[in-house]
Amino acid sequence: MKRVIFALLIIILILILIYFWLGNEMDAALKNEADGSNEYVVILGAKVKPGGIPSLSLKNRLDVALDYLQKHPSVKAIVTGGQGADEDRTEASVMAAYLIEHGIDQNRIMLEDQSTSTYENLLYAKELLPDEVTNITIISNDFHLKRAVILAEKVGLQADVLAAPTPKVVNTKSRIRERLALIKAYVKGQ
C-alpha cells in the first residue's frame, strides 16, 4: 500500500512540475516581441459572434494588430480563420472588415478563410506568402503564442510575436486548455 501511495505522490509531483513548466514556456514566448522587421504579420483567428462581431479575444488581437500596422505602414497582414458551425461568416472576413473599418488599407490585407485550427491558420497563411518569405510576425492572445511559434516552425516559418491580452473571464480556462494543446504540439506537431 505504501508503494502505491508513494507512486501516486510521484505521479502528482511530475504532473505539477509539467504544469508549471508549460506555463513557463507560454510566458517565455512573449520575450520574442516583434519590432517591425518582418514584412508580414499573421493574425490568428478566434471566435466570431452572430452578426460578425469579434469575440473579446479576437477584438484584443485586432486592436494589437491595428496599433502595429499603424506604426509599421509597410507591413502586410494575413487574417486567418474559416467559418465555424456556429458562426455566420468566416473569422478572416470579420477580421478584415474590422481592420479596414479602423483605417487599414484593404490592399495591405490578405484573407486565409479556410482554416479550422491554429496549425491550418499557419499552413494556409504560408501559401499566401511569397516563396522567399520565411519570417513572419504572429499576433494572438498571450497564452497562445508559444504553440503558434512551434506550429509555425513545423510549416517552415520563423516567427516573432505580438501578444494581445486574454480577457480575464476566459484566462484561467484558456491557460489550462493551452497546456494540453502544447503537449499535443510538442508530441504530434499539430
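**The largest pocket**

Tutor: Lining the largest pocket are 35 residues, and those nearest its centre are G45, A46, K47, R61 and R177. A pocket here is an open set of points on a 1 Å grid over the protein atoms alone, where a 1.4 Å probe fits, with protein on both sides within 12 Å along at least five of seven lines; lining residues have an atom within 4 Å of a point. The model is predicted: local features need pLDDT of at least 70 and side-chain atom pairs pLDDT 80 or more, while totals for chains, interfaces and linings use all residues. Residues are numbered from 1 along each chain as its sequence is written, and side-chain values use heavy atoms, leaving out hydrogens and water.

Two or more lining residues come from each of α2 (56-71), α4, α5 and α6, the helices being DSSP runs of H or I with at least four residues, numbered from the N terminus. The largest share, 7 residues, is that of α6. By class, the lining has 17 polar, 10 charged and 8 nonpolar residues; Gly counts as polar, Asp, Glu, Lys and Arg as charged, and Pro as nonpolar. The space in this pocket is about 870 Å³, a volume filled by probe spheres set on the points, which are joined across faces, edges and corners.
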